[in-house]
Structures are given as C-alpha cells and as structure tokens.
Amino acid sequence: MTTPDSASTKKRPTHYRYMILLMVFLSIALNHGDRATFSIAGPDMVKAAGLDIVALGYLISTFTWAYVLGQYPGGWLLDRFGSKRVLVTGVFTWSLFVFLVGFSTSFDSVWVTRIMIFGFIFMMGLIEAPTLPANSRFLAAWFPARERGKASGFTTAAQYFALVVFLPLMGWFSYRFGWESVFWFMGGLGILVALVMHRVLADTPKVHPLVNSEELDYIQSGGGLTNLKATKKGDTTGKGYTRKLLTNRLALGVYMGQFFFTVLSYFFLTWFPVYLVHDRGMTILKAGFVASLPALCGCAGALLGGVLSDYMLSRGFSLSAARKTPIVIGMLLAVSMVICNYVDSAWIVVAIMSLAFFGKGFGAMGWCVVSDFSPKEAVGLSGGLFNMIGNISGIFTPIIIAYIIKDTGSFNGALIFVGVCAFLNLCCYLFVAGKIQRLSFDTEHNDRNRLPEEPHVSH
C-alpha cells in the first residue's frame with residue numbers, strides 16, 4: 001500500500017515560478033514602453049507646449065530625476081511591504097498618470113499645459129521607481145541560482161520586447177490619431193495589466209497556494225530566498241546596509257557598471273527613433289517600425305546572454321565567470337554603434353545598430369548579478385541602490401545628447417559618447433567588481449572580500 005509520504009515523492013513539481021516571471025516581464029515591458037512614448041510622441045508633445053528639442057531632453061531628464069529620487073524609498077518599500085503590494089500599486093498608479101498626460105493640452109493656457117506635462121511625467125518616473133528592484137526581489141525569491149541567468153535574461157528581454165511591440169503601435173497611433181492617443185493607449189493597457197497582476201502575484205513561493213512542496217524544495221535547495229519577508233515596522237537596519245553596500249567593492253563595481261550601462265538604455269529607448277528621423281530622414285511612422293528591428297535583436301541578445309550564463313554555471317564555471325562573460329562580449333559589440341558615423345546607407349546603419357542592440361541585450365546581466373550578491377535581508381534595498389545609481393546617468397544623458405544635436409546638427413558626437421560608456425561598463429565589471437557571491441553583513445568577522453559564495457549545482 002502506498003503511503004501519503006511515498007505518494008508525495010512521486011509528484012512532479014509545479015512550475016508556477018514561470019507565471020511569476022511572466023508578470024514581472026509584463027511590468028518591465030510596460031515600464032519601458034511608457035518611457036518609449038517620449039521618442040514617438042515627445043517631439044509633437046513639446047511642440048504643442050511651444051517648446052523645442054532641448055526641452056524634450058529636459059522633459060526626459062525630469063522623468064529620470066523622479067525615477068532616481070524614488071529608488072531608495074522604493075527599495076525600502078519593497079523590503080517593508082513586500083514585492084507584490086508595491087509592484088501592483090505602482091503599475092496601476094503610474095499607468096493612471098500616463099493616461100492623464102494625453103489630456104495635458106486640454107487647457108487654453110500654454111503654461112498650464114507645460115506644468116501638467118512636466119508634473120504628470122515627474123509622477124510617472126517617481127512611481128515607476130520600484131519596478132526593476134521588484135524584479136530583482138522576485139528573481140531571488142522564486143528562482144534557484146542555476147535558473148536565474150535565464151530568468152534574468154527573459155525579464156531583460158522585456159525592455160526590448162516593449163520596443164518591438166509598442167514602437168510600431170505608438171507610431172501608428174501618433175500618425176493616425178495624434179500624439180495624445182499614445183498616452184491613452186499605454187495608460188489604459190497598464191491599468192488592465194495591474195488588475196491581472198493583483199490576482200496572480202505572490203511575494204514568495206511559500207505563500208502561494210498553487211506552488212507544491214516539490215517546486216518549493218527545488219527552488220529552496222538551489223539557493224532561492226524563499227524565506228524573504230517584509231521587515232517589521234520601525235526596523236532601521238536598512239541604514240546600516242546602505243553604508244555597507246556603498247563601501248563594498250563588489251557592490252560598488254556593479255552599481256558603477258549600471259551607471260554607464262544606463263546611458264545605452266536611454267539612448268535606445270528615447271533617442272534612437274529621433275536619430276532615424278533627424279539624421280536618416282525617416283518619417284515618424286517609418287522610424288517606429290524600423291526601430292523595432294534592432295530592438296528585436298536586443299531581445300534575442302538578452303535571452304541568449306542568460307542562456308550562456310546559466311550554461312557556463314552548469315558546466316562548472318564560477319559564478320563570476322558565468323555572469324561576467326556575457327557582459328564583456330555584449331559591451332564590446334555595443335561599441336560598434338560608433339561605426340554608424342562613417343556610413344551613409346540608412347539600412348546599413350540599422351544593421352549596425354541591430355548588432356549594437358544585440359550586444360546591449362547580451363550583456364544586460366546587471367539585475368541577475370544583483371540577485372546573486374545582495375544580502376538576503378536587503379535584496380530590495382540593494383536593487384534600489386543599483387537602479388538609483390544607474391539612472392543618475394539618465395538625468396544628464398538626455399540633456400547632453402540634446403545639446404550635442406543642437407550644437408553640431410547631428411548625432412555623431414552622441415554615438416561616440418554612448419559607445420565610450422559601453423566600454424566603461426565592462427571595465428567596471430573586470431577591474432572594480434571582484435568575485436560575485438552572496439554578501440552577508442550579519443556576522444561580525446566576515447571579511448567582505450572573502451564571503452561564502454552562493455552554492456550552485458552542476459548538472
């Protein structure tokens with residue numbers, strides 16, 4: 001006779017972690033799709049407010065200022081209230097502000113229009129802040145180390161998926177119905193996704209009824225932080241962790257790398273379609289479709305970079321080698337965008353940008369590394385610091401590019417600027433960040449350069 005215990009051992013593990021991954025994917029796709037509205041609707045929007053191309057740079061910078069300001073409190077909120085509550089509330093609320101941007105020109109006064117545009121976009125950036133730190137927290141809680149590279153690659157691919165899907169749609173909406181419709185479409189879609197996420201998400205596999213014990217054991221035995229809990233009210237340990245993270249060589253190297261990587265992100269997300277229109281003579285409708293081609297390559301790169309990283313881990317390579325190899329290869333490919341300055345054919349430019357975009361996706365392992373090394377008591381806080389420092393570069397990058405265009409009449413200098421930042425990103429991982437391993441600041445005698453590496457399983 002089969003006992004209940006023996007029967008349970010024969011049960012196959014559930015795979016609900018992939019549903020969580022899909023929800024995180026959608027939240028990141030919306031996050032980046034909303035930012036891409038600037039590249040499609042931005043020129044017409046600032047024109048409606050009586051402003052010029054430099055104002056668009058300041059407008060994007062306003063979003064980023066708010067986004068940066070929200071990172072530290074956003075990371076604290078994730079650790080305090082849990083990933084689900086913060087992420088679902090955030091997606092719903094920022095989508096509401098995206099929707100309202102479309103009504104900012106409904107007033108007779110041009111000054112009221114400007115205030116509404118800048119105000120709504122500031123709120124978008126502030127509320128979107130916890131999205132990517134939540135991604136890091138979900139990856140740490142729901143995935144073993146052996147799967148985290150692929151999971152991170154999949155969520156990173158959401159950034160490029162957003163461009164592949166949303167840029168052509170937004171180009172068509174803007175061309176057919178006006179720039180306002182771009183914000184109405186994205187805002188309405190975000191509100192619907194938030195309602196679905198509320199029903200599906202859970203902070204950890206331990207608290208979800210659709211996760212069986214076999215899946216939980218699989219995640220837990222592979223290094224998944226299934227015991228992540230919200231911190232207690234009044235807990236002030238976050239301040240101590242902030243100081244320790246910012247003085248740790250590994251953490252600082254990864255955070256600095258993200259600073260330079262984000263320059264690439266903001267160029268492709270907000271300026272690439274403008275480049276196609278301004279320097280390559282395409283219409284906004286055509287630019288929306290053409291820009292989706294390099295984005296598709298970026299999506300493929302993100303997936304393949306994660307696959308390579310986990311494959312190397314399974315073949316016995318160290319965690320450091322498995323995570324850093326895609327970064328080095330990817331950033332070297334991204335530097336190739338500078339070649340566009342010496343090419344006349346628009347389609348060769350698109351091909352080169354596709355290679356550079358592929359490289360950017362292939363080397364986008366930063367969030368995976370954050371999930372690997374962050375102390376289990378401060379995964380959200382570490383992700384917030386990582387994203388905050390990274391997006392500081394997003395404050396001045398749009399303004400620098402806007403002034404380069406205004407002063408030189410082309411994007412040539414901007415491409416050199418972005419290419420140099422790609423190279424500096426790989427330098428941070430190679431020469432600043434040391435061995436990638438789970439940090440622990442709880443024990444008094446832990447040497448931060450000799451910490452226990454997170455276990456991984458070869459298979």
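Where does Ser 336 lie?

A: Ser 336 lies in the loop between helix 14 (319–334) and helix 15 (346–362); helices are DSSP runs of H or I with at least four residues, strands are runs of E with at least two, and both are numbered from the N terminus. The model is predicted, so local features need pLDDT of at least 70 and side-chain atom pairs count only at pLDDT 80 or more, while totals for chains, interfaces and linings use all residues. Residues are numbered from 1 along each chain as its sequence is written, and side-chain values use heavy atoms, with hydrogens and water left out.

With a relative accessible area of 13%, Ser 336 is buried. Buried means under 20% relative accessible area, exposed means over 50%, and partly exposed is in between, for a 1.4 Å probe and protein chains only. The side chain of Ser 336 reaches the backbone oxygen of Leu 333 at 2.6 Å. This is a polar contact, that is, a pair of N or O atoms within 3.5 Å; within protein, one must be able to donate a hydrogen and the other to accept it, and residues adjacent in sequence count only if both atoms are side-chain atoms. Not counting residues up to four places away in sequence, Ser 336 touches Ile 352, Leu 355 and Ala 356, where contact means heavy atoms within 4.5 Å.

Cys 340 is buried as well, with a relative accessible area of 0%. The closest cysteine sulfur to that of Cys 340 is in Cys 297, 13 Å away, which is too far for a bond. Elsewhere, Cys 427 is buried at 18%, and its sulfur is 7.1 Å from the closest cysteine sulfur, in Cys 428, again too far for a bond. A search of the whole structure finds zero disulfides, a disulfide being a pair of cysteine sulfur atoms within 2.5 Å.

Next, the nonpolar interior. A nonpolar core is a set of buried Ala, Val, Leu, Ile, Met, Phe, Trp, Tyr and Cys residues joined through side-chain atoms within 4.5 Å. The largest such core has 138 residues, and those with the most contacts inside it are Phe 267, Met 353 and Phe 373. Helix 12 (residues 249–278) supplies the largest share of this core, 17 residues. Leaving aside neighbours within four places in sequence, Phe 267 is in contact with Phe 272, Met 353, Ile 401, Phe 411, Leu 415 and Val 418.

Another region to consider is helix 6 (residues 110–128), which holds Gly 125 and Glu 128. Gly 125 is buried at 0% relative accessible area. Beyond its neighbours within four places in sequence, Gly 125 is in contact with Phe 63, Ala 66 and Tyr 67. Glu 128 also counts as buried, at 0% relative accessibility. The side chain of Glu 128 makes a polar contact of 3.3 Å with the side chain of Asn 31. Apart from residues up to four places away in sequence, Glu 128 touches Asn 31, Asp 34, Arg 35, Phe 63, Tyr 67 and Trp 94.

Helix 3 (residues 53–69) has 17 residues and reaches 25 Å from its first C-alpha to its last, close to the 24 Å expected at 1.5 Å a residue; the expected span is 1.5 Å times one less than the number of residues. Helix 7 is mostly covered, with 12 of its 12 residues buried. The 12 residues of helix 7 (residues 131–142) should span 16 Å, and its end C-alpha atoms are 16 Å apart, which agrees.

For helix 8 (residues 145–177), the 33 residues should span 48 Å, and the end C-alpha atoms are 47 Å apart, which agrees. Helix 8 has a kink of about 35° at Phe 166, shortly before the proline Pro 168; the bend at a residue is the angle between axes fitted to the seven residues ending there and the seven starting there. Gly 178, whose phi is positive, near 100°, follows helix 8.

Finally, Thr 14 is found in the loop between helix 1 (4–9) and helix 2 (17–48). Thr 14 is partly exposed, with a relative accessible area of 24%. The side chain of Thr 14 reaches the backbone nitrogen of Asn 212 at 3.2 Å, and a polar contact of 2.4 Å joins the side chains of Thr 14 and Glu 215.
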